Amino acid sequence: MKDWWQATFPQGRQSLIISDVDGYPVQIAYGEKGTGKPLFLLHGMGSWSYNWRYSVAALSKYFRVICFDAKGFGFSDKPWLRREKNGHQVIELARVIQGLCDEPAIIVGESIGALISLALAQRYPQLIGRLIVMNAPIFAERLPHWAMEILAKTPLEVLQAIDHFRLAYWFAPLVREVMATERRKVLFDPSILTPEDVYWITYPFIELPGTLVKVAEELQIAAKEIEDWQANKPNLLTQIQSNLDKIDCPTLVLWGDRDSWFPSTHGERLHQRLPNSQLQIIDNCCHDASTGAAKEVNQAIVKFLQDTNFL
């Protein structure tokens, strides 16, 4: 099967070295296509750049589109022995942006990528020219999926053993079938998920050791955040919620009307809290908007950037 990076980006998969939150060098995998203002596409939990497969070509007609895999995801480094600090994604996102462009960028984030984008806009407003967030877990009261709950409660040592013995590789057909079944549940039209999609979506879990451990570690951080939020203990989620009114860059809030993970009322609530925002509810769209409603998402992004004089 043809390498997705090579098929999608003129220079294929490239590498950027940044310092992580602890100062260690990590390699970030990315691809870029097009010219113009830089536009970063941020994936969700357990995903990687492939989730934007229907947006790269469409948006690169207008922008310099940059997809990258966050540390621990996809083809980026997965430092097994170092435990992650809460909020590390925000700092590392800022360093990726600074490493790849020297002007305010357009940030498009989906799911956890959207939440990280909101935090970035609060902490590093100078890096963002326009912000688009989709189906963000900004008001999440629990992890939205049973598999996430299981991973969040499983000791990392157990998952490290699974990775060490390459169990996902040896049981690849089962892994692909389970992940395909669950991924179809977040699509309005499950039939659009092709065998090639399943191959690439599951590839990091099957072929790249460390993926399962790092995804689980991020889920454990997220579960602790929600737990502390509900218990009124100090947490990053509350900080982000409390400072939404300080985000003054033009922002587009996109939300699927059929999102069963985070309902569209969360999108309406987020829009009300962002002083310079627009809201668009996408019809017949579940949580995976970048796949299930790619055409509508791409059109909404271009129109928003035209309307706000950023194209």
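A salt bridge is a side-chain nitrogen of Lys or Arg within 4 Å of a carboxyl oxygen of Asp or Glu. The legends below describe close-up views of a predicted model.

**View 1. Asp-22 and Lys-85 form a salt bridge between two loops.** The closest N and O atoms of Asp-22 and Lys-85 are 2.8 Å apart. Asp-22 belongs to the loop between E1 and E2, whereas Lys-85 belongs to the loop between E4 and H3, so the pair ties together parts that are 63 residues apart in sequence. Asp-22 is partly exposed, its relative accessible area being 31%. Lys-85 is likewise classed as partly exposed, at 46% relative accessibility.

**View 2. Asp-20 and Lys-71 are joined by a salt bridge and are both buried.** The N to O distance between these side chains is 3.6 Å. Asp-20 is located in the loop between strand E1 (14-19) and strand E2 (25-33), and Lys-71 in the loop between strand E4 (64-68) and helix H3 (88-100); the pair therefore ties together parts that are 51 residues apart in sequence. Both residues also belong to a network of salt bridges that links Asp-20, Lys-71, Arg-82, Arg-83, Glu-84, Glu-92, Lys-214 and Glu-217. The count for the model comes to 16 salt bridges.

**View 3. Lys-246 and Asp-245 meet in a salt bridge.** Their side chains are 4.0 Å apart, N to O. Lys-246 and Asp-245 are both exposed.

**View 4. Helix H5 packs against helix H10.** H5 comprises residues 146-153 and H10 comprises residues 211-230. The two helices pack at an angle of about 95°, and their axes are 8 Å apart. H5 is therefore roughly perpendicular to H10. On the H5 side, the contact is made by Met-148, Leu-151 and Ala-152. These residues meet Leu-212, Ala-216, Leu-219, Gln-220 and Ala-223 in H10. Of the residues in this contact, seven are nonpolar, one is polar and none is charged.

View 5. A disulfide is a covalent bond between the sulfur atoms of two cysteines. Cys-101 counts as buried because its relative accessibility is 13%. Cys-249, at 11% relative accessibility, also counts as buried.

**View 6. Ser-111 has a positive phi although it is not a glycine.** The phi of Ser-111 is about 55°. Ser-111 lies in the loop between strand E5 (105-110) and helix H4 (112-123). With a relative accessible area of 10%, Ser-111 is buried.

**View 7. Asn-309 is a residue other than glycine with a positive phi.** The phi of Asn-309 is near 60°. Asn-309 is found in the segment after helix H14 (294-307). Asn-309 is exposed, with a relative accessible area of 68%.

Definitions and conventions
Residues are numbered from 1 along each chain as its sequence is written. This is a predicted model: local features need pLDDT of at least 70, side-chain atom pairs count only at pLDDT 80 or more; totals for chains, interfaces and linings use all residues. Side-chain values use heavy atoms; hydrogens and water are left out. Axes are lines fitted to C-alpha atoms, for helices over the stretch in contact, and angles run from 0 to 180 degrees between N-to-C directions. Helices (H or I, at least four residues) and strands (E, at least two) are DSSP runs, numbered from the N terminus. Angles under 35 degrees count as roughly parallel, over 145 as roughly antiparallel, 65 to 115 as roughly perpendicular and the rest as oblique. Contact means heavy atoms within 4.5 Å. Ala, Val, Leu, Ile, Met, Phe, Trp, Tyr, Cys and Pro count as nonpolar, Asp, Glu, Lys and Arg as charged, and the others, Gly among them, as polar. Buried means under 20% relative accessible area, exposed over 50%, partly exposed in between (1.4 Å probe, protein chains only).
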